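Please look over the chain shown below.

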Amino acid sequence: MSCTNIILCGVGGQGTILASKLIANAAMACGMPVKTAETIGMAQRGGSVFSHVRIGDGAASPLIGHGRADLILAFEPAEAVRQLAYLKPGGTVVVSNTPIIPASALVGGPAYDVEAVMSYLRDTVANLVVVDAAAAARELGSSKCLNVVLLGAAARSGSLGLSTNDIAQAIHRLVPERFQELNARALAYAV
């Protein structure tokens, strides 16, 4: 019995929870069992948000143990680093390169050095896919669909265990019609 283990992480308001629901919906539509767990307590304050998604027969619980994640889908670079303990050897990280500066850094706390964070990820993760979120937002005309851009990149990397078509069908089922065209373009966005 095998299972695909996926960690999604970001900051409140980035669409992390919707992305986990799209993955779960797509997997269920393909006839695969799914277990999910979310931590969203700080989402309204711009704090850390993360989800565990387990797809397949081998999932006895929704939580993924350290060193067991096949994929980390990170909407923010520092959040990717926070979740690295979950990544299994040879696992994949798909990460946005655009930081969300924490309020503490804005009011005299420790500085956020995104280049140091990205360098650490490049040195630490063998299978790293970096998404230029600013370029995607410019080309697509919105930053609100970064979650779907990352899902498309993960599906094309082969680490999601679902195809872009599977995700497209889940978008059709779960996303309001007025956002369908934007999300279709986001899913097809080439990283």
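Predicted model: local features only at pLDDT ≥ 70, side-chain atom pairs only at ≥ 80, totals over all residues.

**A helix, a pocket and the fold**

Helix α6 is built from 12 residues, and the distance from its first C-alpha to its last is 16 Å, close to the 16 Å expected at 1.5 Å a residue. Most of α6 is covered, with 10 of its 12 residues buried. The buried residues begin with L146, N147, V148, V149, L150 and L151, and they go on with G152, A153, A154 and A155. After α6 comes G158, which has a positive phi, near 85°.

The next feature is the largest pocket, which holds about 490 Å³ of space. Among the 26 residues that line this pocket, those closest to its centre are Q14, S143, K144, C145 and L146. By residue type, the lining of the largest pocket has 16 nonpolar residues, 9 polar ones and 1 charged one.

Another place to look is E79, which sits in helix α2, a helix that covers residues 77–83. Is E79 buried or exposed? Its relative accessible area is 5%, and because a residue under 20% counts as buried, E79 is buried. Apart from neighbours within four places in sequence, the residues in contact with E79 are C9, G10, V11 and S48.

Now consider the chain as a whole. It contains 8 helices and 6 strands. Read from the N terminus on, the elements follow the order β-α-β-β-β-α-β-α-α-β-α-α-α-α. The radius of gyration of the chain is 16 Å, close to the 16 Å that the globule rule gives for 191 residues, so the chain is as compact as a globular protein of that length. Along the principal axes, its C-alpha atoms fill a box of roughly 50 × 40 × 30 Å.

Two further values describe the chain. Of its 191 residues, 48% are buried. Among the contacts with a separation of 6 or more, 62% are between residues 24 or more positions apart.

Definitions and conventions
Residues numbered from 1 in each chain as written. Heavy atoms only, no water. 1 Å grid on protein atoms, 1.4 Å probe; cavity = no way out; pocket = protein on both sides within 12 Å on 5 of 7 lines; lining within 4 Å. Points joined across faces, edges and corners; volume = space filled by probe spheres on them. Nonpolar A, V, L, I, M, F, W, Y, C, P; charged D, E, K, R; others polar. Helix = DSSP H or I, 4+ residues; strand = E, 2+ residues; numbered from the N terminus. Expected span 1.5 Å × (residues − 1). Buried < 20%, exposed > 50% of the residue type's maximum accessible area, 1.4 Å probe, protein only. Contact = heavy atoms within 4.5 Å. Rg over C-alpha atoms; globule rule 2.2 N^0.38 Å.
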